[in-house]
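Hi,

Here is the structure I promised to send over.

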Amino acid sequence: MAEVDTAPHELAGLTVRQQLGLIEVLDEVRRADGWSWQLPVLLRERCWLRLSRTPLTVLHRLLPPDGRDDAPELMQYRRLLQKGMDPLLAQQSCWHDFGIEDCQRALRDYWNSHDTAIHGWTAERYRHLVSSYRERIERGITAVPMLVLARKSSVECHQLLWITENTPVMRHTCA
């Protein structure tokens with residue numbers, strides 16, 4: 001995932017009220033007393049022209065990350081393959097360590113997850129968002145993550161954008 005500030009075209013379509021809301025959220029983060037799980041995350045639903053905010057601590061409930069790729073059975077199998085073990089022996093080793101039923105369930109869940117629309121929102125991407133957010137705040141950088149949600153029937157991924165003090169939020173002045 002790219003670690004770049006948001007470009008103006010990525011904010012196209014935001015209403016003036018939403019743009020003002022971005023400025024308010026940035027001010028709130030700037031005034032915060034350092035890192036906290038209560039810091040805001042923005043969720044943009046393009047289909048409904050909706051921009052909402054949620055505390056980071058609630059994000060995993062609103063947008064559950066898919067962790068099936070991180071199942072211990074599959075991770076152990078991959079480690080054994082990386083060590084050069086024959087795939088059949090690696091599978092038998094995992095069956096011995098975890099049980100045949102659990103290994104088959106993990107593999108079935110993994111393949112089924114490819115048929116469901118998780119829009120690339122994996123446990124790894126979630127952890128990356130959290131660690132990047134924390135790192136920025138601890139370095140004194142005012143930044144707020146904004147997840148641009150993929151359309152429900154699409155195969156596109158959710159996009160992670162960073163709203164910073166350098167983001168050109170407003171291109172006009174109010175009279």
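Which residue forms a salt bridge with arginine 53? The partner is glutamate 28, and the closest N and O atoms are 2.8 Å apart. Keep in mind that this is a predicted model. The pair links distant parts of the chain, with glutamate 28 in helix H1 and arginine 53 in strand S2, 25 residues apart. Both ends are partly exposed: glutamate 28 has a relative accessible area of 31%, and arginine 53 has 43%.

That pair also turns up in a pocket. Glu28 and Arg53 are among the residues lining the second largest pocket, which holds about 200 Å³ of space. H1 gives the largest share of that lining, seven residues. By class, the lining has four nonpolar, two polar and four charged residues.

Back to salt bridges: the whole structure has nine. One of them joins glutamate 165 and arginine 30, at 2.4 Å from N to O. Glutamate 165 lies in the segment after S4 and arginine 30 in helix H1, so this bridge ties together parts that are 135 residues apart in sequence. Arg30 and Glu165 also belong to a salt-bridge network with Asp27. Another bridge runs between arginine 50 and glutamate 45, with the closest N and O atoms 3.5 Å apart.

For contrast, take a look at tryptophan 162 in strand S4. At 0% relative accessibility, tryptophan 162 counts as buried, because the cut-off for that is under 20%. Its C-alpha atom is 8.7 Å from that of leucine 147, 15 residues away along the chain.

Cheers

Notes
Residues numbered from 1 in each chain as written. Predicted model: local features only at pLDDT ≥ 70, side-chain atom pairs only at ≥ 80, totals over all residues. Heavy atoms only, no water. 1 Å grid on protein atoms, 1.4 Å probe; cavity = no way out; pocket = protein on both sides within 12 Å on 5 of 7 lines; lining within 4 Å. Points joined across faces, edges and corners; volume = space filled by probe spheres on them. Helix = DSSP H or I, 4+ residues; strand = E, 2+ residues; numbered from the N terminus. Nonpolar A, V, L, I, M, F, W, Y, C, P; charged D, E, K, R; others polar. Buried < 20%, exposed > 50% of the residue type's maximum accessible area, 1.4 Å probe, protein only. Salt bridge = Lys/Arg side-chain N within 4 Å of Asp/Glu carboxyl O.
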